[in-house]
Amino acid sequence: MQVFEHSIGGVLVILVMIVLGYILTERNWFDEHSGRLIAKLVTQIALPCYMVTTITHRFTARELAIMIPDLRYPVMSMMILMMIAFAIVQLLHIRDSHAGLFSSMFFNSNTVFVGLPINEALFGKASIPYVLIYYMANTTIFWTIGTYLIQRDGTKAIHFDLKKTLGKIFSPPLLGFIIGVILVLLRVHLPEFVDNDLDYIGGLTIPLSMIFIGFSISHAGLGKLSFGKDNILILLGRFLLAPVLMTLLVTPSQMPMLMKQVFILQSAMPVMTNAPVVASLYDADADYAAVMVTETTLLSLVIVPVLMVITQSIG
């Protein structure tokens, strides 16, 4: 019961900031330009700084060497989920107009804008390096396979741009992670004033992420929410199949208990916020993607406390 109450408290912390973002957007404090600006501040400024300070403050070179190989678990999970999504598309006749988008949303999760704040609220800063490990796998797969699948739905010709794809994968957050790892491996200590600046700027990550989620929910429109077959299947994939599969993968492993818990929660995070953006870029079904971002984000706040209780029983 104590675990459940703690998880409820952590979710409420997150919910208050989401509601703030939603209310401010409804009152016209933020327009589309403001939303893009907040997202850029998080992904290109605050989050990279957050990653550098988290890695350098929390890990030794030996600990990193032990941790990095566990990247295979989120990769395995997403590959299996992708195969399941392809089977569902064929067997349950998902509409051709968003079959690729459906598959991409089925196996990719929102590891940063929702996953990062929720894990920190529930487990503290000790969980963040494990969040970043999952993020590495998730962002690489989304900007390669996930984006390709979304492109297939659109009216624009499909083409693979290696330069742009690498630019998306090696984004500022991932580069921040890599820089942090390099500093730890080389045992380099940043000057105190630089370290403090990075810490202060990185502190913007959580509140700005939650305000952006509130903005996104307002922008998508609660009146557009629906629970058709395609929507329900995504919800089942995100909140049932994904955590069950990850639990089966990590339970027999020797990884730390906290890493197991983080991986399970990360696997059950909402649809990636980038999905509607990519869908719009390639003339795919951006409205469907926006609705699924909203539905999965709202439902995740209910699912997380339940998952917290379940993960406590994992050995």
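Axes are lines fitted to C-alpha atoms, taken for helices over the stretch in contact, and angles between N-to-C directions run from 0 to 180 degrees. The views below come from a predicted model, in which local features need pLDDT of at least 70, side-chain atom pairs count only at pLDDT 80 or more, and totals for chains, interfaces and linings use all residues. Residues are numbered from 1 along each chain as its sequence is written, and side-chain values use heavy atoms, with hydrogens and water left out.

**View A. Helices α5 and α15 cross at roughly 20°.** The axes of α5 (residues 99-107) and α15 (residues 286-311) come within 10 Å, helices being DSSP runs of H or I with at least four residues, numbered from the N terminus. L101, F102 and M105 of α5 make the contact with Y288, A289 and M292 of α15 (heavy atoms within 4.5 Å). The residues of this contact divide into six nonpolar, no polar and no charged, where Ala, Val, Leu, Ile, Met, Phe, Trp, Tyr, Cys and Pro count as nonpolar, Asp, Glu, Lys and Arg as charged, and the others, Gly among them, as polar.

**View B. Helices α6 and α11 cross at roughly 125°.** The axes of α6 (residues 115-123) and α11 (residues 205-220) come within 9 Å, and these helices are therefore oblique to each other. The crossing of α6 and α11 is left-handed, with the near helix turned anticlockwise. L116, P117 and E120 of α6 contact T205, I206, S209 and M210 of α11, giving four nonpolar, two polar and one charged residues.

**View C. Helices α2 and α9 cross at roughly 25°.** Their axes come within 8 Å, and this angle makes α2 roughly parallel to α9. The crossing of α2 and α9 is right-handed. Among the residues that meet are L47, M51 and I55 in α2 and L174, F177 and V181 in α9. By class, the contact of α2 with α9 has 13 nonpolar, five polar and no charged residues.

Definitions and conventions
Helix = DSSP H or I, 4+ residues; strand = E, 2+ residues; numbered from the N terminus. Parallel < 35°, antiparallel > 145°, perpendicular 65-115°, else oblique.
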